[in-house]
Amino acid sequence: MKNENLYNYILGIADNSLILGQRLGELTGHGPNLETDIACTNISLDLFGQVRSYFQYASKVAGDGRSEDDIAMLRKERDYKNVLLVEQPNTNFAYTIARQFLFDAYHLVFLRELQKSSDLTLAAIANKCIKEVSYHERFSSDWVRRLGGGTEESKSKMQEAIADLWVYTDELFHQTVADKAMVAEGIGVDVTKLKEEYYNYVAGVLEESTLEVPDIKFFQKGGKQGIHTEHLGYILAELQYMQRAYPNMEW
């Protein structure tokens with residue numbers, strides 16, 4: 001492969017949206033009300049639309065005949081580069097919103113920086129995606145505030161979800177070999193520089209929501225290196241079923 005680091009860097013971005021989109025897709029028809037159900041489904045569709053652009057570019061960079069569908073659907077579990085946060089299950093609506101918000105807050109600041117990439121294709125994708133992600137973040141942060149400032153039960157469930165998912169947030173700011181190589185070339189985003197802004201913003205939203213910031217010193221990681229939780233295998237079993245059962249299908 002001519003530029004393996006660029007290829008892996010693209011996957012590191014795209015796989016987050018792919019797996020989170022699949023998680024949200026599981027909720028279609030199961031939202032707490034019709035409006036919220038449709039909103040979650042539309043966010044899922046947004047994320048899948050974004051990953052198409054990334055995987056089309058990854059296919060071009062790979063240059064080995066694999067299509068966007070092959071890259072999206074036919075890799076093995078250890079070849080997916082998504083962070084552990086996005087593969088966590090839809091335990092209840094509070095968990096779904098907490099997971100979405102914790103990722104959206106990162107995704108938005110990441111795309112703002114990716115727009116400055118010297119790689120014109122990645123910069124263009126970021127410029128297109130950021131409008132959708134701005135909506136995603138407004139939606140999820142508004143729901144955090146509503147649930148945190150709602151009933152005693154809704155606040156308790158949201159606090160529990162934030163506490164349980166917090167251990168996966170630090171991985172967002174870890175750099176892989178591909179990340180470091182792309183930052184050095186002016187292509188990638190130095191995510192280590194986004195960490196303070198992220199946690200300050202998230203803490204602000206939690207404070208507005210009368211929720212506590214978890215006091216956690218040890219975090220889970222491994223997804224960016226292909227070491228995942230048990231959840232990803234089940235996600236991929238559904239995600240890949242049609243493509244493996246009926247080879248050469250197209251999106």
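R146 lies over the face of W143, with 4.0 Å to the ring centre. That is a value from a predicted model, as is everything else I will show. There is another contact of this kind at R75, where the charged end sits over the ring of Y80, 4.1 Å from the centre of that ring.

Next, the aromatic pairs. The count comes to 10. Take F103 and Y106: their ring centres are 6.1 Å apart and the planes stand at 50 degrees. Why is the pair called tilted? Because stacked would need planes under 30 degrees apart and edge-to-face over 60, and the angle here is 50 degrees. F103 and Y106 both belong to helix 4, 3 residues apart, about one turn of the helix. As a reminder, an α-helix has 3.6 residues a turn, so residues three or four places apart point the same way. Both F103 and Y106 are buried. They also belong to one aromatic cluster, together with F110, W166, F173, Y198 and Y199.

Helix 4 runs over residues 93-114. From first C-alpha to last, its 22 residues reach 31 Å, close to the 32 Å expected at 1.5 Å a residue. At its start, a side-chain oxygen of N92 comes to within 3.0 Å of the backbone nitrogen of A94. How many residues of helix 4 are buried? The number is 19 of the 22, so the helix is largely enclosed by the rest of the structure.

Now the core. The largest nonpolar core has 80 residues, and F110 and L114 are the ones with the most contacts inside it. Helix 4 gives this core its largest share, 14 residues. Which residues does F110 touch? Leaving out neighbours up to four places away in sequence, F110 touches Y9, I13, V189, V191 and L194. F110 is also in the aromatic cluster I listed with F103 and Y106.

On to helix 6, residues 152-165, where S154 is found. Is S154 buried or exposed? It counts as buried, because its relative accessibility is 15% and the cut-off is under 20%. The side chain of S154 has two polar contacts to show you. A polar atom of that side chain lies 2.7 Å from the backbone oxygen of L147. The side chain of S154 also reaches the backbone nitrogen of T151, at 3.0 Å.

What does Y168 touch, beyond residues up to four places away in sequence? The contacts are L84, L85, Q88 and Q220. Y168 and R99 are 69 residues apart in sequence, yet 9.6 Å apart in space, C-alpha to C-alpha.

T210 lies in the loop between helix 8, residues 195-208, and helix 9, residues 231-239. What is the phi of T210? The angle is positive, about 60 degrees, although T210 is not a glycine. For context, most residues other than glycine have a negative phi. T210 is partly exposed, with a relative accessible area of 43%.

Methods
Residues numbered from 1 in each chain as written. Predicted model: local features only at pLDDT ≥ 70, side-chain atom pairs only at ≥ 80, totals over all residues. Heavy atoms only, no water. Core = buried A, V, L, I, M, F, W, Y, C linked by side-chain atoms within 4.5 Å. Buried < 20%, exposed > 50% of the residue type's maximum accessible area, 1.4 Å probe, protein only. Helix = DSSP H or I, 4+ residues; strand = E, 2+ residues; numbered from the N terminus. Contact = heavy atoms within 4.5 Å. Polar contact = N/O pair within 3.5 Å; in protein donor to acceptor, adjacent residues only side chain to side chain. Phe/Tyr/Trp six-rings, centres within 6.5 Å; stacked < 30°, edge-to-face > 60°. Lys NZ or Arg CZ within 6 Å of the ring centre and 35° of its normal. Expected span 1.5 Å × (residues − 1).
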